[in-house]
Each structure stands twice: as C-alpha cells, then as structure tokens.
Amino acid sequence: MGFHAQLERSWTAAGSMLCVGLDPDPARYPRILDGAHDATERFCREIVDATADLACAFKPQIAYFASQRAEPALERICTYIRETYPEVTLILDAKRGDIGSTADHYAREAFGRYGAHAVTVNPYLGTDSIEPFFDPANNSEGGGVILLCRTSNPGGDDLQSLVTDADSGGKPIYVHVAERVAHQWSQLGDCGLVVGATYPTELADVRAIVGDLPLLVPGVGAQGGDAATVMEHGASAGRRGLIVNSSRAILYASSGDDFADAARAEARRTADVLPS
C-alpha cells in the first residue's frame, strides 16, 4: 500500500499520532550498554519494542547511524520494524536533495535499501530533484515524500520566512513550498510536509494551505514544542493528519537499566495528548 494508506492504518492501530524518533547517540546510551559492540542496534530495538504499540511511526535519523559506520545496523533495524510491527509507519529521516541522477540513488537508498514507507526530502532544488523519488523504478511500493517546509530550528528563519516580492505573491518562502506541494508535487504521488512544533502559527498556516496532507512535526519535547498546541493548530478537519515526533525526550528518559520502561512511560504521556 502507498504511504497515505499505510499511515491511516498506523493511526488506527496506535490510536495516536506519536512518532518516535530514533536518534541513537552513544554518549547518552544507558550504562547497561557500556562497551557493547552492538550497543546502537540493541538500544534502538529496545526502544522500538517498548513503544511500538503507542506510536504511529518510527523515524530513524540516518546521520546518527552513518557517523558511527552503523548503516548495516540501520538496515537491520528497519527490517525489524517492517517485519515485526508492520502496522507502524517507517520514515527515513535523510533530508535528501540533489539533481535528478543523484536523486535516483537517494530514492533507491530510502525505499530499496532501507524499506522506508516515506523519506524526508529537501525541496530547494525544485521539481526535477523531487520526481525521481516517485519514479516506480526507484519506488515500487508508493512510498511517500515528506518535504521540508517550516523547520523547527531557529535558523530556519534565515530563508524560510523571507517574503518574496509582489510579483511572486509577497508570501514567505515556506508558504510557496506548501502551495507547491499541495497543488503540484502531490499530483506525482503521496506527499507530506515537515513543519516544526516550535512554530504553531506557521503550522496552522500550512494546514490551511495543504488540506488533509500529513504533516511531520518535529520539535516536541527537548526542543520545547508542546504536543497539545500542535493538535490545536495542526490537526486536519478529521482530527488526524499529524505525525508528531519526539526523539530525545523518549530515548533518554532514563540512563539506568530501566531506560526502556522510562521511554515507554514518556511515549505514553505524549501519545495520550495526540489521539487519532
């Protein structure tokens, strides 16, 4: 099934719109994993097993694995999620973006090597850098493309909030991105957008533009975003439409032997505010 259908399945199964981000930082692993050669894979599997029934999605961040030369572990974790928890959506957070021939390979990496249901993509290079992600030769299962729109970091203002001139509509760049996704790129295949929890007004603006398209919302927890505020400003008319990510607040809820139980407790607390 395609990304949107998979996500509907996930919202129904989980009863929540919580996404658990997998950002494994060896400096923050629980003490029980000190010195373990497979610490990254074990840590992520423990978190997945502890939270899978509460989450609509898992979102591994590829850089955390690549910096540790742990891409094979990421492959195994992605396979584990797909096979053990098929009702949970798998989003590869890669933020790829390049010219068409390179984008072909990025798409094959996301959908072929890692088996993701969706991948995050940088829209800055425009349509011909997006199209390869929808090409059936690279994406045979209808995987989704989630475009960066209004990100959660303060530096996003440097470009995303710049207002174009009157001839281009006099609107911020993030609004142009949202409009292009809603009216053009979504005709290519299943799309979503990234909008940070730290900017609730802009979140509401994007929701008004894109209708029921799913919004991946990072920034809840350690970055200061509030889940209830995200629901108020970002939920679709059907009270769905969100993939609300929390990473560090869940992953590192405890550094003790109880890290998985603590992660589950934090995930449940957040999921309860994000009913689907």
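Two strands pair if DSSP finds at least two bridges between them. Helices (H or I, at least four residues) and strands (E, at least two) are DSSP runs, numbered from the N terminus. This is a predicted model, where local features need pLDDT of at least 70 and side-chain atom pairs count only at pLDDT 80 or more, while totals for chains, interfaces and linings use all residues. Residues are numbered from 1 along each chain as its sequence is written, and side-chain values use heavy atoms, with hydrogens and water left out.

**View 1. Strand E1 meets strand E8.** E1 (residues 18-22) and E8 (residues 242-246) pair in the parallel sense over three bridges. Look for Cys19: its bridge partner in E8 is Asn245.

**View 2. Eight strands make a closed barrel.** Follow them as E1-E2-E3-E4-E5-E6-E7-E8, paired in parallel. On average, neighbouring strands of this sheet are turned by 30 degrees against each other, direction ignored. Here, axes are lines fitted to C-alpha atoms, for helices over the stretch in contact, and angles run from 0 to 180 degrees between N-to-C directions.

**View 3. Helices H2 and H12 pack together.** H2 (residues 39-51) and H12 (residues 259-271) sit at an angle of about 45 degrees, with their axes 9 Å apart. They are therefore oblique to each other (under 35 degrees counts as roughly parallel, over 145 as roughly antiparallel, 65 to 115 as roughly perpendicular and the rest as oblique). Where they touch (contact means heavy atoms within 4.5 Å), Phe43, Glu46, Ile47, Ala50 and Thr51 in H2 meet Phe259, Ala260, Ala263, Arg264 and Ala267 in H12.
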